Amino acid sequence: MDCRMGCAACCIVISISSPIPGMPEGKPAGIRCVQLTHDNKCKLFGKPERPEVCASLKASREICGESNEDAFKNLSILENETNP
């Protein structure tokens, strides 16, 4: 499965603890990554400064579901279940 263009659920819903250019402390859950364009594309995609955790995220039916709404819902559940 490929990412749905313009979804960006993983760049908004989940927390990212590693530094991101423009977000040196990482990104809290529910906060839009500063590296997203207005149409929800990653400005760092394919660049070496893209955090490893971001590059490791892979689209899957289990996480992304059948729609952007599914992805936001599924990732919200996952974030809440894994929040210390």
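Let's start with K27, which is buried and yet has no salt bridge. In this predicted model, the nearest side chain of opposite charge belongs to E79, and that one sits 7.3 Å away. A salt bridge here needs a side-chain nitrogen within 4 Å of a carboxyl oxygen, so E79 does not qualify as a partner for K27.

So what does the side chain of K27 reach? It reaches the backbone oxygen of I31, at 2.8 Å.

If you'd like to find K27 on the screen, look in the segment before α1, the helix covering 52–56. Then look at what surrounds it.

How many salt bridges does the count come to? By the rule used here, the count is 2.

One of them joins K41 and D39, whose side chains meet with N to O at 3.5 Å. Are these two buried, partly exposed or exposed? K41 has 39% relative accessibility, so it counts as partly exposed. D39 is at 32%, and therefore counts as partly exposed too.

The other salt bridge links R61 with E66, and there the closest N and O atoms are 4.0 Å apart. E66 is exposed, with a relative accessible area of 61%.

So, to bring you back to where we began: K27 is buried without a salt bridge, and its side chain reaches the backbone oxygen of I31. Thanks, everyone, happy to chat about it!

Definitions and conventions
Residues are numbered from 1 along each chain as its sequence is written. This is a predicted model: local features need pLDDT of at least 70, side-chain atom pairs count only at pLDDT 80 or more; totals for chains, interfaces and linings use all residues. Side-chain values use heavy atoms; hydrogens and water are left out. Helices (H or I, at least four residues) and strands (E, at least two) are DSSP runs, numbered from the N terminus. Buried means under 20% relative accessible area, exposed over 50%, partly exposed in between (1.4 Å probe, protein chains only). Lys and Arg count as positive and Asp and Glu as negative; His and the chain ends are not counted. A polar contact is a pair of N or O atoms within 3.5 Å; within protein, one must be able to donate a hydrogen and the other to accept it, and residues adjacent in sequence count only if both atoms are side-chain atoms.
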